[in-house]
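This briefing is a guided reading of one protein structure, taken topic by topic. Please keep the sequence and the structure in view while you read.

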Amino acid sequence: MDIIVIYCTVPDKKLAKEIAKLLMKHKLAACVSMIENVKSVFSWDGEICEEKEILLMIKTRRSNYAKIKLIIEDIHSYNVPEIIALPIVDCSEEYLKWLVKETE
């Protein structure tokens, strides 16, 4: 079973909760962790920008990535949202069973 963590930054709690609830409602993620007070420094249109954001850590199956990406792109306020998937190379058997069950 290929499982991944998707990182996505959002500008505020309202959007973070909206994305998390949609993903949970459609059983596309087993868990969405919201990490507040993330400071992002990035280049945009030739300018160095610094923003306070919330980082979403979305735990899911790799097969759900395309649907999750579409949902995020549809409701995200950024022109180019960060949607990065990383493989989980190892985890406990119990966590894997739970993740699979919650995303069926």
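On a 1 Å grid over the protein atoms alone, a pocket is an open set of points where a 1.4 Å probe fits, with protein on both sides within 12 Å along at least five of seven lines, whereas a cavity is a set of points from which the probe cannot get out. Grid points are joined across faces, edges and corners, and a volume is the space filled by probe spheres set on the points. By these definitions, the largest pocket has a volume of about 220 Å³.

The model is a predicted one, in which local features need pLDDT of at least 70 and side-chain atom pairs count only at pLDDT 80 or more, while totals for chains, interfaces and linings use all residues. Residues are numbered from 1 along each chain as its sequence is written, and side-chain values use heavy atoms, with hydrogens and water left out.

**The sheet**

- Helices (H or I, at least four residues) and strands (E, at least two) are DSSP runs numbered from the N terminus, and two strands pair if DSSP finds at least two bridges between them.
- Four strands build an open sheet in the order E2-E3-E1-E4, with antiparallel pairing; its edge strands, each pairing on one side only, are E2 and E4 (84-87).
- From one strand to the next the twist averages 30°, where axes are lines fitted to C-alpha atoms (for helices over the stretch in contact) and angles run from 0 to 180 degrees between N-to-C directions.

**Strand pairs**

- Strand E1 (residues 3-10) is joined to strand E3 (residues 47-61) by eight bridges in the antiparallel sense; cysteine 8 stands opposite leucine 56 of E3, and isoleucine 6 has isoleucine 58 of E3 as its bridge partner.
- E1 also runs antiparallel to E4, to which four bridges join it, and here valine 5 stands opposite leucine 86 in E4.
- Seven of the eight residues of E1 are buried, so this strand is largely enclosed by the rest of the structure; buried means under 20% relative accessible area, exposed means over 50%, and partly exposed lies in between (1.4 Å probe, protein chains only).
- Strand E2 (residues 31-44) pairs with E3 in the antiparallel sense over twelve bridges, and the bridge partners in E3 are glutamate 53 for valine 38 and glutamate 47 for tryptophan 44.

**Turn and loop residues**

- E2 and E3 form a hairpin with two residues between them, and aspartate 45 in the turn has a positive phi of about 55° although this residue is not a glycine.
- Aspartate 45 counts as exposed, at 69% relative accessibility.
- Lysine 27 lies in the loop between H1 and E2, has a positive phi near 55° without being a glycine, and counts as partly exposed at 35% relative accessibility.

**The largest pocket**

- Its lining consists of Thr9, Ser40, Phe42, Ser43, Trp44, Glu53, Tyr78, Asn79, Val80, Pro81 and Glu82; a lining residue has an atom within 4 Å of a point.
- Which strand gives the largest share of the lining of the largest pocket? That strand is E2, with four residues.
- The lining divides into five nonpolar, four polar and two charged residues, where Ala, Val, Leu, Ile, Met, Phe, Trp, Tyr, Cys and Pro count as nonpolar, Asp, Glu, Lys and Arg as charged, and the others, Gly among them, as polar.

**Cysteines**

- The structure holds zero disulfides, a disulfide being a pair of cysteine sulfur atoms within 2.5 Å.

**Distances along the chain and in space**

- Valine 41, found in strand E2 and exposed with a relative accessible area of 56%, is 33 residues from aspartate 74 in sequence and 24 Å from it in space, C-alpha to C-alpha.
- Methionine 24, placed in helix H1 (residues 13-25), is partly exposed with a relative accessible area of 35%, and its C-alpha atom is separated by 23 Å from that of aspartate 90, 66 residues apart along the chain.
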